[in-house]
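Please read them beside the sequence and the coordinates.

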Amino acid sequence: MAQLNEVHGLRARVRRGDSLVGVFARLVQPEAAELLADAGLDFVILDVEHGTHSRTELSRYVFAAQALGLPVLVRLPEGSEAWIQHAVSVGAAGIVVPHVNALEQVGRAAAFARGLAMERAYAGMGRRSGYRKDSWRDFRRQASDGLLFVAQIDEPPGTLIADKVAALDDVDCLFLGSLGMALAMGQDAPSHPTVDAALASICQSGRSAGKCIGVHVMQHDQQALWLDRGATLMVVGSDYALLRDGAATQATRFRRAKDTRDGD
């Protein structure tokens, strides 16, 4: 079983500027985590915002993935203390707070995650504390250093404060919600010039502050563009899409083979 400090080494890799690839995870079953852990990914983002995870399912998924060495970031349904606390307590390698439109909102969430949430995780004897086998002093240093905090900007108001969000010490990464930004701007796709310009400006804010840039790249031919722009935390799909597309590919191959045989 992987140790927590191993999966929590993700933050060090992010801060070092390593190029990392992962997917969104919305299936709740631990077996899904087990399969993704065997796929060579650097991380998964467990999408509690759009998924159907209960608190129990969240805990079990994090355990299954990280026991096999796959770091789990939890995208919260919102940035409340209750959700941050639960993600921290069950041992997530990081948290993603969506819809960052106010500086005070994200600053408060990040400070809570690294401070009071850690105290409560230790007091509650949860997984993150190693069931309180270490001293508080040792735990606090290691736990706070290992937690990756990601601020997701996916609506136009967030673009106006991106530089200030990036300047916050407790924020490690700006994540570009590309499709959300497009829809919020009345467009169908992130490739629209006005949307692309907004996303590029957020990217520049992060790079100027020396922060990681994360992005969901919906088209494979866009990956090189975002690498050139300095994105290092790349989400390239979701377990939903991989399951659907894999099944569709196999069905298409079968029908082509059958048509070829019937035509002979």
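1. Asp47 counts as buried because its relative accessibility is 0% (buried means under 20% relative accessible area, exposed over 50%, partly exposed in between, with a 1.4 Å probe and protein chains only). Asp47 belongs to strand β2, residues 43-47; strands (E, at least two residues) and helices (H or I, at least four) are DSSP runs, numbered from the N terminus. The side chain of Asp47 is joined to that of His50 by a polar contact of 3.0 Å. A polar contact is a pair of N or O atoms within 3.5 Å; within protein, one must be able to donate a hydrogen and the other to accept it, and residues adjacent in sequence count only if both atoms are side-chain atoms. With residues up to four places away in sequence set aside, Asp47 touches Ala25, Arg26, His53 and Arg75, where contact means heavy atoms within 4.5 Å.

2. On the basis of the values: this is a predicted model, in which local features need pLDDT of at least 70 and side-chain atom pairs count only at pLDDT 80 or more, while totals for chains, interfaces and linings use all residues. Residues are numbered from 1 along each chain as its sequence is written, and side-chain values use heavy atoms, with hydrogens and water left out.

3. Glu49 sits in the loop between β2 and α4 (55-67). Glu49 is buried, at a relative accessible area of 18%. Which residues does Glu49 touch, not counting those up to four places away in sequence? They are Arg75, Leu76, Pro77, Pro98 and His99. Arg75 is also among the residues that Asp47 touches. With His99 there is a polar contact, side chain to side chain, of 2.5 Å.

4. His99, the partner of Glu49 in that polar contact, lies in the loop between β4 (94-97) and α6 (103-114). His99 is partly exposed, with a relative accessible area of 29%. Its phi is near 55°, a positive value in a residue other than glycine. I would list Tyr131 under this heading too: phi of Tyr131 is near 55°, again positive in a residue other than glycine. Tyr131 is in the loop between α7 and α8 and counts as partly exposed, at 48% relative accessibility.

5. Two packed helices are described by the angle between their axes and the distance between the axes. For α7 (residues 116-123) and α8 (residues 136-146) the angle is about 130° and the axes are 10 Å apart. Axes are lines fitted to C-alpha atoms, for helices over the stretch in contact, and angles run from 0 to 180 degrees between N-to-C directions. The two helices are therefore oblique to each other; angles under 35 degrees count as roughly parallel, over 145 as roughly antiparallel, 65 to 115 as roughly perpendicular and the rest as oblique. From α7 the contact takes Met118, Glu119 and Tyr122, and from α8 Trp136, Phe139, Arg140, Ala143 and Ser144. By class these are five nonpolar, one polar and two charged (Ala, Val, Leu, Ile, Met, Phe, Trp, Tyr, Cys and Pro count as nonpolar, Asp, Glu, Lys and Arg as charged, and the others, Gly among them, as polar).

6. Helix α3 (residues 30-37) packs on α4 at an angle of about 25°, with the axes 8 Å apart. α3 and α4 are therefore roughly parallel to each other. Pro30, Ala32, Ala33 and Leu36 of α3 meet Arg60, Tyr61, Ala64 and Ala65 of α4. This contact has seven nonpolar residues, no polar ones and one charged.

7. Helix α5 (residues 81-89) and α6 cross at roughly 35°, and their axes come within 10 Å. On the α5 side are Glu81, Ile84, Gln85 and Val88, which meet Ala109, Phe112 and Ala113 in α6. The classes are five nonpolar, one polar and one charged.

8. Gln187 is in the loop between α11 (178-184) and α12 (193-208) and is partly exposed, at a relative accessible area of 22%. Leaving aside neighbours within four places in sequence, Gln187 is in contact with Ala182, His192, Thr194 and Val195. The side chains of Gln187 and His192 form a polar contact of 3.3 Å. Gln187 and Gln204, 17 residues apart in sequence, are 22 Å apart in space, C-alpha to C-alpha.
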